[in-house]
Amino acid sequence: MDELIKAWDGECVIVSHDRPSGAWIFIAIHSTKLGPAIGGTRMKHYSELKDALEDAQRLAAGMTYKWAAAGLRGGGGKAVIALDHPLDQQERASLLRRYGTLVRKHRGLFLTGPDLGTSSEDMDIIAQEAPSLVFGRTLEAGGGGNPAPFTARGIFTALETTAQRLFGKGGLSGKKILVQGAGSVGRELIHLLQGCGCEVLFSDIEEETVRLHRNEKGLSFVPPEAVYETACDIFAPCAVGGVLNEESIPRLRCRAVVGGANNQLAAPEDARRLQDRGVLYAPDFVANSGGAIALIGIETRGWSREEAMRRVVKAVRDNLEAIYRTADHEGISTDEAARRLAQRRIDEGAPENEDS
Ligand code: PHE
């Protein structure tokens, strides 16, 4: 773990061992150049502790780019709560309260919101200990609620923008889209795609989710091990990170990858690998920025939900079009183009982009 911290380009990592539950907490602060670090809290089990630290570090860096690309004044950070064993509801709630205390003690260095494994209800609990440092509380508690519909709308916009570029006027209609992961975001995305005449294929590892989508919604199911070689127009990874790698990229049979998962590329070189295979990649931190943009706007700028939706669509479309153009002109990967866009805003100390 010392190697991971030494090699990281971020600012610091807060480490805490929660003795009562045995969980480890890592809060990775990647950059506070544009403002206090804001990022979700991920809670799950990791087979090795160092994977949890690495996840926090990589996700925190992703948040730096996400805020910068969105033109919002936020720094990059992320928290990972690595569970030692499954917790019952009460143990889980008290862990979240202790975690809230930890967040409060850092007095605004880090603000948080929901992420994989945490919900708006969990945010309500954390916020009891860390008031005004938590986004995405339930609507009843005065928060912006579940960000998934906004995240899904952003991904859907990214799919439309990409389809227009690849297939012209007809856009997404009649296209075959493979959604990997029908969790909170994937499920919403599937719904939007069905509404616009796409042929939707899906994959998931949870039996219950598979049953629901296959039987009740009549969608074609692709077994997890067959996802990469399944022919489709656009592949939409909406589950875990690292799915685009040396091993999976040569197997892909799609024209583009546009999804909601964070850190889809296992390594920076994978952007080139996709480009060499002629697969257009929508950089994840742009495609999935909708939830983050909407929550910040609703909770700190007084946007209505409609206003937030409108801004998400515009931010994702404008950014992605600019990124595809730059990548084309300069012969660089779309990931590189997106990072340059974000980095430029960081270097300029980006003033808030009022139209994003
Ligand atoms: N976890 C989400 C993301 O990765 C959303 C989020 C919203 C996180 C607001 C923090 C604050 O974008």
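**The second largest pocket**

Modeller: Because domain 1 (2-140) and domain 2 (148-289 + 318-345) both give residues to its lining, the second largest pocket lies between them, the domain bounds coming from an automatic or database domain assignment. This is a predicted model, in which local features need pLDDT of at least 70 and side-chain atom pairs count only at pLDDT 80 or more, while totals for chains, interfaces and linings use all residues. Residues are numbered from 1 along each chain as its sequence is written, and side-chain values use heavy atoms, with hydrogens and water left out.

A pocket here is an open set of points on a 1 Å grid over the protein atoms alone, where a 1.4 Å probe fits, with protein on both sides within 12 Å along at least five of seven lines, and lining residues have an atom within 4 Å of a point. The volume of this one is about 570 Å³, counted as the space filled by probe spheres set on the points, which are joined across faces, edges and corners.

Its lining consists of 22 residues, and those nearest the centre are Arg58, Ala61, Asn263, Pro268 and Arg339. Two or more lining residues come from each of helix H1 (2-7), helix H2 (49-70), helix H9 (284-287) and helix H12 (334-347), helices being DSSP runs (H or I, at least four residues) numbered from the N terminus. H2 gives the largest share, six residues. By type, the lining divides into 11 nonpolar, five polar and six charged residues, where Asp, Glu, Lys and Arg count as charged, Ala, Val, Leu, Ile, Met, Phe, Trp, Tyr, Cys and Pro as nonpolar, and the others, Gly among them, as polar.
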